[in-house]
Amino acid sequence: MARSTSMVTVPWELLAEELKNIPIEIRLYLASTIDVLRASDKQLTSEKWIGTSITKIEACLDRTWEMLNSGYWKDVPVEYRYSYSLCIVIKAVLLELQYEINAGHSTEKEKKAALRNIISQIDKGILLGAPLSSVPNLLTTIAAKLNSYCGDESSGANLEEIPIDGDKINDAILSGFSEVAHYEEPSMESFYRKVFMPKYPAVLTGCMKHWKALALWKNPDYLCKIAGSRTVPIEIGSRYTEEDWTQHLVSFSEFLRTHVIASDSRVGYLAQHQLFEQIPELKEDFAIPEYCSFSDDENNDVEPPDINAWFGPGGTVSPLHFDPKNNLLSQIFGYKRIILYHPDETDNLYPYNTRLLNNTAQVDPINLDYNKWPNFCKAKGLMCCLKPGEMLYIPPKWWHHVTALTPSFSISFWWS
């Protein structure tokens, strides 16, 4: 590995400017370390100085961690999220310098483990911190460069493809539901006139056939080569409305091996995660659909869509809920059953009356309980089985319930 990948990548002058955006209690500790790293490398050969500096940074991280975990996440002062990112950048540099000192008497396995540890630290910064204003992509850039040095070691499940038997899928429309309309490669004009403007769900076929992801992402070795060392947040539990639901940070390879291929008894789901911001290398395997260029607000320019990954074993469930934006749910591999209700059916779906779950319904359209929810019998729903290579347009405020019938990888594009 080239000397000090992080040292070369980090623009120290800009990083020093970022100090003004963090709390003074943390700033005082970081300033002296940044001064040494930006001005001279004479002290950098001192393992003692590096070790002392790492201890100092970890103390700053502990203090920042306390603030990040007090109260609701949206209420965390952004300066502490900046602080977390800044601390992680410096810690990554120090760990890499420490790695270089020890590399001469380390085995290849030990070197790879050390690199993966650094990448894990960076991922926590990406997930918990906030992008630094002057260098917003700094952490993802460092992680990508370091990951290239250990990405040749596959930690997948030694399977060529994730096994999915589409012949056993029951894609019949359940009694009481109408089928979602299907359109084969609709033109932009046809999509706008027949789907987008009427704001009605539609399955679009043939629109993803040029995506490399359709073939590549079924191979766990490919996914592990690019993302295996990366740390991702997964949901553990049947669904987010249940008491057994929780969240864990795990390596992508562990998630793939334990929950997707081995099908752990505990359902693990990489759900609604901006995986492609964290690991932009994966963006090369798909394209933003042109349909996302239509806007509901003619007076504003369309902003790039929010892109989220949904990856998990068969049996994952997203309870009946709605989102405020247009959504193109794009199926890479696997099969999902999706049930939808018009916003006019809201009163028949018994939404929760809590602040956190006010976009989620109490009813379960698969396990009917008319004694508990008598008005639910009035609700008229649509249904589809989303297959590999198909997109489902879900209009804003439309209720939808999603069940993975097999191991499944989907991408959602949300836009206004």
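## Terms and model

A residue counts as buried at under 20% relative accessible area, as exposed at over 50%, and as partly exposed in between (1.4 Å probe, protein chains only). The model you are looking at is predicted, so local features need pLDDT of at least 70 and side-chain atom pairs count only at pLDDT 80 or more, while totals for chains, interfaces and linings use all residues. Residues are numbered from 1 along each chain as its sequence is written, and side-chain values use heavy atoms, with hydrogens and water left out.

Confidence comes as pLDDT, the predictor's score for each residue from 0 to 100. The protein chain averages a pLDDT of 90, and 92% of the residues reach at least 70. Please treat residues 152-157 with care: pLDDT stays under 50 there, and the model has twelve contacts (heavy atoms within 4.5 Å) for this stretch beyond four places in sequence.

Helices (H or I, at least four residues) and strands (E, at least two) are DSSP runs, numbered from the N terminus, and two strands pair if DSSP finds at least two bridges between them. With those terms in hand, you can trace an open sheet of nine strands in the order 2-3-12-9-14-7-6-4-5, with mixed pairing. Strand 2 (181-184) and strand 5 (246-251) stand at the edges with a single partner strand each, so one side of each lacks a neighbour in the sheet. On average, neighbouring strands of this sheet are turned by 25° against each other, direction ignored.

Helix 11 (residues 252-261) packs on the sheet and touches strand 4, strand 5, strand 6 (268-273) and strand 7 (306-312). Its direction makes about 120° with that of strand 5; axes here are lines fitted to C-alpha atoms, for helices over the stretch in contact, and angles run from 0 to 180 degrees between N-to-C directions.

## Strand 4 and its partners

Strand 4 (residues 231-236) runs antiparallel to strand 5, and six bridges join the two. Val232 stands opposite Val250 in strand 5, and Thr231 has Ser251 as its bridge partner in strand 5. Strand 4 also runs antiparallel to strand 6, here with two bridges; Glu235 is paired with Tyr269 of strand 6. Five of the six residues of strand 4 are buried, so the rest of the structure largely encloses this strand.

Arg230 is buried, at 0% relative accessible area. Leaving aside neighbours within four places in sequence, its contacts include Ile119, Asp123, Asn147, Val250, Ser251 and Gln278.

## Salt bridges

A search of the whole structure finds 15 salt bridges, each a side-chain nitrogen of Lys or Arg within 4 Å of a carboxyl oxygen of Asp or Glu. One of them joins the side chains of Glu58 and Lys91 (3.3 Å, N to O). Glu58 lies in helix 4 (residues 47-68) and Lys91 in helix 5 (residues 78-102), so the pair ties together parts that are 33 residues apart in sequence. Glu58 is partly exposed at 33% relative accessibility, whereas Lys91 is buried at 8%.

Asp296 forms a salt bridge with Lys199, with the closest N and O atoms 2.7 Å apart. This pair links distant parts of the chain, 97 residues apart: Asp296 is in the loop between helix 12 (275-278) and strand 7, and Lys199 in the loop between helix 8 (188-196) and strand 3 (202-205). Asp296 is partly exposed, with a relative accessible area of 42%. Elsewhere, salt bridges that share partners join Glu13, Asp35 and Arg38 into one network. Lys20 and Glu17 also meet in a salt bridge (3.8 Å, N to O); Lys20 is exposed at 56% relative accessibility, and Glu17 is partly exposed at 49%.

## Positive phi angles

Glu185 has a positive phi of about 40° although it is not a glycine. Glu185 lies in the loop between strand 2 and helix 8 and is partly exposed at 40% relative accessibility. Lys397, also not a glycine, has a positive phi near 70°. Lys397 is found in the loop between strand 12 (390-394) and strand 13 (399-404), and it is partly exposed at 44% relative accessibility.

## The annotated domain

UniProt, in an unreviewed entry, lists residues 277-416 as "domain: JmjC"; its positions are given in the numbering used here, feature names are shortened, and annotations may be inferred rather than shown by experiment. In the model, the span of residues 277-416 is 4% helix and 36% strand, and its end C-alpha atoms lie 19 Å apart.
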